[in-house]
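I set out to look through this structure in stages, writing down each thing as I looked it up.

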Amino acid sequence: MSTIVDLRSDTVTRPPAGMRRVMAEAEVGDDVFGDDPTVNRLQSQAADLFGLEAGLFFPSGTQSNLAALMAHCGRGDEVLLGQEAHTYVHEAGGAAVLGSIHMHTLANRADGTLDLDEVAAAIKPDDPHLARTRLLTLENTIGGRVLSRTYLEQAVGLARQHGLAAHLDGARIFNAAAALRTDVKTLCAGFDSVSVCLSKGLGAPVGTLLLGSAGFIASAVRIRKMLGGGMRQVGVLAAAGLYALEHNVGRLHLDHASAARLAEGLSALGLPAECHTNMVFVRLTGDPQALAAHLGRHGILVLPERRMRLVTHLDVDAAGVERAVAAFGTYR
Ligand SMILES: *Cc1c(COP(=O)(O)O)cnc(C)c1O
């Protein structure tokens, strides 16, 4: 059997030799004291890249989003977000449990956006019966789909007009920027805070950056400590993040091309496949477990879901895509 083609997620990448080398050689210090030069370099470099004042390194995107929501919202305050949002669905309800934040969800449309008239209607007046609406959170990409600059400008403008803060879960914002052929600073303009994963398509083993104003990041430092995210000689991980920003941003279009080729191959087999950035979605009629088992015997790893998501990344090359298409083709 040749190598495994792992299409379950873009989180499965393993740090390559060059990344491991910079990790081994990283200068470190105690980051809880602010002493780690590699962490400090990553945080300030990322802040510059996003056009925001300051950055903060987190062990995960879940903790970064939670800290952001807690920095923006007090106890009983409300965030507006999509019902498909990672923060709502896949973060174990942390904003409610740990932040005492009320989540008002709105339907995501087919393109991933929220209807801004519905957002406006969900903003509560000052009335003791109602939660205080403080924050609008968007996600880009969402299920691989890219929110356009025009839409984001309108959404941020609406938040501003109503005195809400705006947070972007930009776990895969570099994929959105690659798809739109723009830079992340342009794409994130107007947001008060942005959370960016280094451990998805960028290929770092660990790490998420939260960016925002100096005051916002100062609050986030305290909350991160409270949540158990204060780390010590963590320059060994920040070095991987710096390597990822330098080497793995410019190649994301290759993952998008791989996903497009995968979708094309599956469609040619009569399997209707949708493709957005580095994700392909196939709607299955048969048993997803049986298909996943068949693919597994051919070295292709997938998650057995009826709307099956296949994700391309650093460790999936063109030959791997062809092997995946061929394995789907032999399933009966
Ligand atoms: C992966 C992801 C996160 C954070 O996930 P962690 O696994 O906690 O790092 C947040 N938002 C989105 C959209 C994601 O895809």
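Entry on aromatic rings. I searched the whole structure for aromatic pairs and found one; I note here that the model is a predicted one. I then looked up where the two residues lie: Phe-50 belongs to helix α2 (residues 37–50) and Phe-174 to helix α8 (residues 173–180), so the pair ties together parts that are 124 residues apart in sequence.

Entry on the backbone. I checked the peptide bonds and noted a cis bond joining Asn-140 and Thr-141, with omega at about 0 degrees; Thr-141 is in the loop between β5 (132–139) and α7 (149–161). I also looked at phi, and wrote down Ala-92, which is not a glycine and yet has a positive value of about 55 degrees. Ala-92 is likewise a loop residue, placed between α4 (86–89) and α5 (94–97). I noted both because most residues other than glycine have a negative phi, and most peptide bonds are trans.

Entry on the ligand. I looked up where the ligand sits and found it in the largest pocket. The residues around the ligand are Ser-60, Gly-61, Thr-62, Asn-65, His-86, Glu-91, Glu-139, Asp-169, Ala-171, Arg-172 and Lys-200. Sorted by class, this shell holds five charged, five polar and one nonpolar residue, and its largest share, three residues, is supplied by helix α3 (residues 61–72).

For oxygen atoms of the ligand I recorded a backbone N or O atom of Gly-61 at 2.8 Å and a polar side-chain atom of Lys-200 at 2.8 Å. For a nitrogen atom of the ligand I recorded an N or O atom in the side chain of His-86 at 3.4 Å. Lastly I looked up the cover: on its own the ligand has 380 Å² of accessible area, and the protein covers 82% of it.

Technical notes. Residues are numbered from 1 along each chain as its sequence is written. This is a predicted model: local features need pLDDT of at least 70, side-chain atom pairs count only at pLDDT 80 or more; totals for chains, interfaces and linings use all residues. Side-chain values use heavy atoms; hydrogens and water are left out. A residue is near a molecule or strand if one of its heavy atoms lies within 4 Å of it. A polar contact is a pair of N or O atoms within 3.5 Å; within protein, one must be able to donate a hydrogen and the other to accept it, and residues adjacent in sequence count only if both atoms are side-chain atoms. Accessible areas come from the Shrake-Rupley method with a 1.4 Å probe; for residues, only the protein chains shown count as cover. On a 1 Å grid over the protein atoms alone, a cavity is a set of points where a 1.4 Å probe fits but cannot get out, and a pocket is an open set with protein on both sides within 12 Å along at least five of seven lines; lining residues have an atom within 4 Å of a point. A molecule sits in a cavity or pocket if more than half of its atoms lie within 2 Å of its grid points. Helices (H or I, at least four residues) and strands (E, at least two) are DSSP runs, numbered from the N terminus. Ala, Val, Leu, Ile, Met, Phe, Trp, Tyr, Cys and Pro count as nonpolar, Asp, Glu, Lys and Arg as charged, and the others, Gly among them, as polar. Rings of Phe, Tyr and Trp (its six-membered ring) pair if their centres lie within 6.5 Å; planes under 30 degrees apart count as stacked, over 60 as edge-to-face and the rest as tilted.
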